[in-house]
Amino acid sequence: VDGTINGFGSIEITKPGLHKFILKEDLSDKDKSIDYDENPIEISVNAIDNKDGTLTVESPTYSRDTFTNKVKKGTLMIEKQVNNIIKDDLFEFKVKLLDKDGNPLKGTFKYTSNKDDLTRDIENGSIINLRAGEVISITGVPDGSLYEVEEINISKDYKLSDSKDTKGVINNSKISKALFINSYNLNGIYQIKAKKELSGRALKD
């Protein structure tokens with residue numbers, strides 16, 4: 001969150017000369033999902049003696065003027081495996097990305113695939129296609145976010161035989177991974193056709 005922090009109060013200067021102050025952010029109650037800027041800001045203030053019992057305080061100078069805190073980011077991987085594969089089909093997945101309160105995450109995120117060198121965009125509610133053996137990596141997802149991945153519109157030629165971690169929480173310290181395993185349905189009917197012959201005499205019914 002960007003913003004201006006007020007309420008530091010006034011500092012009384014009673015002596016002429018250069019005065020230096022150190023400003024630090026209070027980290028006693030840290031949010032674990034935020035990477036805090038722990039570098040202090042140095043403030044310099046010069047006070048001039050007016051020789052009449054008063055001081056003129058010049059405008060302060062700052063070593064920098066902003067504490068830059070960053071939301072920690074995590075990665076979500078989605079992997080597709082297929083048993084008994086005999087053709088290169090596409091499989092559809094719906095991806096939900098929510099904040100810790102269950103509200104849709106705003107904006108888009110980048111993802112890559114092990115099948116090519118392209119970078120694509122994804123957002124909450126996006127539908128993506130994966131092939132057998134494909135793994136995608138969605139990066140830059142805020143730490144603590146919720147995810148839910150669902151395989152949809154499964155062809156009658158396949159069945160979902162197993163899945164793991166299709167819902168979870170994004171953690172910046174490790175990669176979250178949703179795995180889907182499908183099996184190709186090998187069941188079918190084949191009508192056997194053959195002809196019988198008898199050599200030496202006529203074949204009786």
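Strands are DSSP runs of E with at least two residues, numbered from the N terminus. Ser137 belongs to one of them, strand β12. The model is predicted, so local features need pLDDT of at least 70 and side-chain atom pairs count only at pLDDT 80 or more, while totals for chains, interfaces and linings use all residues. Residues are numbered from 1 along each chain as its sequence is written, and side-chain values use heavy atoms, with hydrogens and water left out.

Ser137 has a relative accessible area of 18% and therefore counts as buried (under 20% relative accessible area, with a 1.4 Å probe and protein chains only). Beyond its neighbours within four places in sequence, Ser137 is in contact (heavy atoms within 4.5 Å) with Thr75, Leu76, Met77, Lys110, Tyr111 and Thr112.

A nonpolar core is a set of buried Ala, Val, Leu, Ile, Met, Phe, Trp, Tyr and Cys residues joined through side-chain atoms within 4.5 Å. The largest such core has 24 residues, of which Leu76, Ile78, Val95, Ile128, Ile138 and Val149 touch the most other members. Two or more residues each come from β7 (73-83), β8 (90-98), β9 (109-113), β11 (126-131), β12 (135-142), β13 (146-152) and β16 (176-184). Strand β8 provides the largest share, 4 residues. With neighbours within four places in sequence left aside, the contacts of Val149 are Leu76, Ile78, Phe93, Lys94, Val95, Thr166, Ala178 and Phe180. Another core, of 6 residues, lies apart from the largest one and includes Ile13, Ile41, Ile43 and Val45.

Note on methods: Buried means under 20% relative accessible area, exposed over 50%, partly exposed in between (1.4 Å probe, protein chains only).
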